[in-house]
Amino acid sequence: MTPAGRRIVAAAEELFYNRGITAVGVDLIAEHSGVTKRTLYNQFGSKDHLVATYLTGRDQRWRSLVRAAVDAGDTPAEAVTAPFEALRTWSETNTRGCAFINALAELPDPSHPAHRIAANQKLWLLNLFKELATTAGCPHPATLATQLLVLHEGAVATQPLPLDSLPESTDLARALVQAGTSPRH
């Protein structure tokens, strides 16, 4: 990507995340990135492609953070709840909720490239929870994965509110994993 392309993506990310995808036009992105609309379209072809590029970059950074948290877990059971720890770190600089949930709400057409990226991000997290629960020996990994995803997404969705639900969500996730990995007597 050219330096102009990187400036465009950086401006688009800030604007899309803080103001909303549909509320931000290419004129504003061009102005904030210091390029002409022609340069923007030469780099990305369309606003839809720019939105997809923005979400792809966020997705890559999020997955990298989650994978690092999973790798830092001392036990397979700790790894299952690692995405909650990653969310704690992520939330230090991302305070307006989830860009992927927002994108799904703003772009409901499943054929939109950004909608597919956002939906795939959620499915990736669900599948990661299932994989980690399986590795930890949880007896019903698919059910646990769904429960953990609901807890995780609830913590993300309530993030802009003065509730601080992440610690409680994390504790509940740990309790669910512990219940699923405890030896049965």
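Analyst: Here's a short chat about the terms and the values behind them. The model is predicted, so local features need pLDDT of at least 70 and side-chain atom pairs count only at pLDDT 80 or more, while totals for chains, interfaces and linings use all residues. Residues are numbered from 1 along each chain as its sequence is written, and side-chain values use heavy atoms, with hydrogens and water left out.

User: What makes something a cavity and not a pocket?

Analyst: It's about getting out. On a 1 Å grid over the protein atoms alone, a cavity is a set of points where a 1.4 Å probe fits but cannot get out, whereas a pocket is an open set with protein on both sides within 12 Å along at least five of seven lines. By this rule there is 1 cavity of 30 Å³ or more. The largest cavity has a volume of about 140 Å³, and the largest pocket about 190 Å³. Volume here means the space filled by probe spheres set on the points, with points joined across faces, edges and corners.

User: How do you know which residues line the largest cavity?

Analyst: A lining residue has an atom within 4 Å of a point. For the largest cavity that gives 16 residues, and the closest to its centre are Leu87, Trp90, Cys98, Phe100 and Val156. Helices H4 (47-72), H6, H7 (99-106), H8 (113-135) and H9 each supply at least two lining residues. Helices are DSSP runs (H or I, at least four residues; strands are E, at least two), numbered from the N terminus.

User: And which residues line the largest pocket?

Analyst: Among them are Leu87, Arg88, Thr158, Asp164 and Pro167. Helix H6 (82-90) and helix H10 (166-181) are the elements giving two or more residues. The lining has 5 nonpolar, 5 polar and 2 charged residues. Nonpolar covers Ala, Val, Leu, Ile, Met, Phe, Trp, Tyr, Cys and Pro; charged covers Asp, Glu, Lys and Arg; the others, Gly among them, are polar.

User: Why is Asp164 called exposed?

Analyst: Exposed means over 50% relative accessible area, buried under 20%, and partly exposed in between (1.4 Å probe, protein chains only). Asp164 comes in at 56%, so it is exposed. Asp164 sits in the loop between helix H9 (141-157) and H10, and has a positive phi of about 50° although it is not a glycine.
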